[in-house]
Amino acid sequence: MGTNGYRNPVAMDEIDFSESPVTITYLTIGDKPTNGRTEEVIEKLNKILVKRLNAKLDIYYVGWSDYLTNYNNTVKTKELGIDLIGTGSDWLDAWPNVIEGNFLPLTEDMLRKYCGITYTNVPKSVWRSCSYDGNIYFIPENEYTQWTNHGFIYREDLAKEAGLYEINSWEDLCTYFYSVRNKHPDMIPWDTDGKSSIVPLGYIMSKRNYAPIYELTTYGLWGEDLDNKGKIISPFYKGDELIEYATLMKEWRLKGVFKSDTSMVGDNEDEFYMGESSVIQHHTQNFYTVIKPKAYLDMPDTNVKFYWFGKENGNLLRVSNLHGAMAVSAYSQHPERALMVYDMLRNDQECYNLIRYGIEGIQYEFNSSNMMEKPSGYNENKDSIVTNFWWGRRDEYEVPDSSYALDDYYTLVNSYEHVAESYPWEGVPFSTPYINDELKAITAICDEYMPQISMGAYVGPPEEKVAEFRARLKQAGFERITGQLQRIYNEQ
C-alpha cells in the first residue's frame, strides 16, 4: 500500500498541523532495548507520522520479569501518559482491566471515523466479542494467523535412541526421558522449576477433549468437554486426569527427569542448545521462528521436532482474536489521534514494515524469492530492534523469513487444520467483578499447590496431595464460582 495509500480524510481534517506534534505512547511487553537501533526505527517512522498525522510514537516497555503484575500496575497509573495498550484476554488480564476502568470504551462511530480501515476489516461478530456491557474496548488482531499451542521441542537423534521415530504422546515422552536419563547420565532430561501452568493443562488436554476458558486464570481451571458441551467442568477439581498427572510427575521426579532441588535449576533453553538438556517446553510459533533455527546453527547435526499437547487425541484450539489486541487507555489525553496512529501502523505498509521489521538494509532485506533475511554483517546484539507489535499484525503484510523453519511449520499447520476447533469462549462475559475478586484466592491456592504437584515435591501419595488441593479449592468457593460461570454460559 505504501504511505501514500493510507487515507483518512474525514479525521485528518481535524488535525491542526500548525501545532506541535502530539506524542502517542504505546505500551508493549518486552525488555527495553539498549543498542539504540529501535530509536532509529521510531525516528524514521515518526517522520511519516508527523507528516501525515502530526503525531509521534513513543514506546513504553513493561519488562518480562513479573510482567503481569507490573503490567496491571502500569495500565492503571494515570500519570504515565500512555495512550495505546497492547493487551490479551488469555495472558494479559484484558477483561479485568476493562472492569477496573483502565481501558476507554470505544463507540462504533469513533472507530469508524478515527480507525476506519481497521474498523471495516473487523467483522461485526468479532466486534461483539470485543465488547462489554454494550461498549467496544478492544481492537482485535483478527487478520493474523498464529498458533501458540504448547508442547515439547525434542531431539530426533535422542528419540531414535529410545526406539521412537517421533513423540506422539505423553507415554512416548516417558520413553524418551527415561532413555535420556539412562544413556546420557550427564544430561538433565528437562530442567524445570515446575511453575509453568501450561504443562498440567497440556496433560489434561491430551487425555480428554477439554476446552479451557483461558480468561479465567492461566491454569485453565474451568472449561467444557467438547464431547459433552453445555456444562462447565473442571478436571482440576474433579476427575482422574490431575491424579494421573500428579502420579506421573512423582515418577519423573524419582527417575530424575528433572532436578529435585529447584534452587539448582538453570536456563533450560541455553542448556538445550549446549546439549545439556533434551527438551524445551514452548509453543509452535516459537518452535519454528526461534528454537529450530537456533538449534540448526548451534547443533547442525541434530534435527529437532515438536510434540504438541493434544496430539494423541486431536484436541487443539485455535487462538482467540483477543490473544493479541489493542486498547486505548482510559487516561489517554489524545484517544482520537491514538486510534489514527494505530490505524496507520496496521494498514500502511511502509509504517507496518518499520514497526514490525525495522529499516530495510539494516534489520532486514529481501532475497530473490521475496523472503526476508538478515543483511550481510547483521549482528543481533548491535542491530536488533524491540517493538513487539503483537496487537495488529496482518497476514497480508507479513513476509516469510528465510531463517524460519517454514517446512516444519507448514507440516504442523497441515495437521492442525484437520483437527483444530475455534476457541469456544469468544466474547462470553465470564469476567465479572465478583468472579475476578473470587479468583484471587483460587489462583493463590494454585500457585501454592501446582508447582508441588508438577515437581512431585511433597510427602505422601499423589492422591492425597490432589485431594488436599481440591479441599482447599472447595473451601475458597470453587463450587460457588463454577455455578456462577454456568449461569453466565446458560445465558448466551
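Predicted model: local features only at pLDDT ≥ 70, side-chain atom pairs only at ≥ 80, totals over all residues.

Me: At what angle do helix α9 and helix α11 pack, and how far apart are their axes?

Reply: Helix α9 (residues 170-183) and helix α11 (residues 241-254) pack at about 10 degrees, and their axes are 11 Å apart. An angle under 35 degrees counts as roughly parallel, so α9 is roughly parallel to α11.

Me: Which angle is found between α14 and α15?

Reply: Helix α14 (residues 335-347) packs against helix α15 (residues 349-357) at an angle of about 90 degrees, with the axes 5 Å apart. The two helices, α14 and α15, are therefore roughly perpendicular to each other. On the α14 side the contact involves Met344, Leu345, Arg346 and Asn347, and on the α15 side Gln349, Cys351, Tyr352 and Ile355. The residues of this contact comprise five nonpolar, two polar and one charged.

Me: What describes a pair of aromatic rings, and how many aromatic pairs does the structure hold?

Reply: A pair of aromatic rings is described by the distance of the centres and the angle of the planes. The structure holds 42 aromatic pairs. One of them joins Phe152 and Phe309, which are edge-to-face, at 5.7 Å centre to centre and with 85 degrees between the planes. Phe152 belongs to strand β7 (residues 150-155) and Phe309 to the loop between β12 (304-308) and β13 (325-328), so this pair ties together parts 157 residues apart in sequence.

Me: Are Phe152 and Phe309 buried or exposed?

Reply: Phe152 is buried, at a relative accessible area of 0%, and Phe309 is buried as well, at 7%. Both also belong to one aromatic cluster, whose members include Trp170, Phe177 and Trp252.

Me: Why is the pair of Trp390 and Trp391 called tilted?

Reply: The planes of Trp390 and Trp391 stand at 55 degrees, with the ring centres 6.0 Å apart, so the pair is tilted. Trp390 is partly exposed, with a relative accessible area of 22%, whereas Trp391 is buried, at 0%.

Me: Where does the charged end of Lys305 sit, and where does Arg394 lie?

Reply: The charged end of Lys305 sits over the ring of Tyr165, 4.0 Å from its centre. Arg394 lies over the face of Tyr397, 4.8 Å from the ring centre.

Conventions:
Residues numbered from 1 in each chain as written. Heavy atoms only, no water. Axes fitted to C-alpha atoms, helices over the stretch in contact; angles between N-to-C directions. Helix = DSSP H or I, 4+ residues; strand = E, 2+ residues; numbered from the N terminus. Parallel < 35°, antiparallel > 145°, perpendicular 65-115°, else oblique. Contact = heavy atoms within 4.5 Å. Nonpolar A, V, L, I, M, F, W, Y, C, P; charged D, E, K, R; others polar. Phe/Tyr/Trp six-rings, centres within 6.5 Å; stacked < 30°, edge-to-face > 60°. Buried < 20%, exposed > 50% of the residue type's maximum accessible area, 1.4 Å probe, protein only. Lys NZ or Arg CZ within 6 Å of the ring centre and 35° of its normal.
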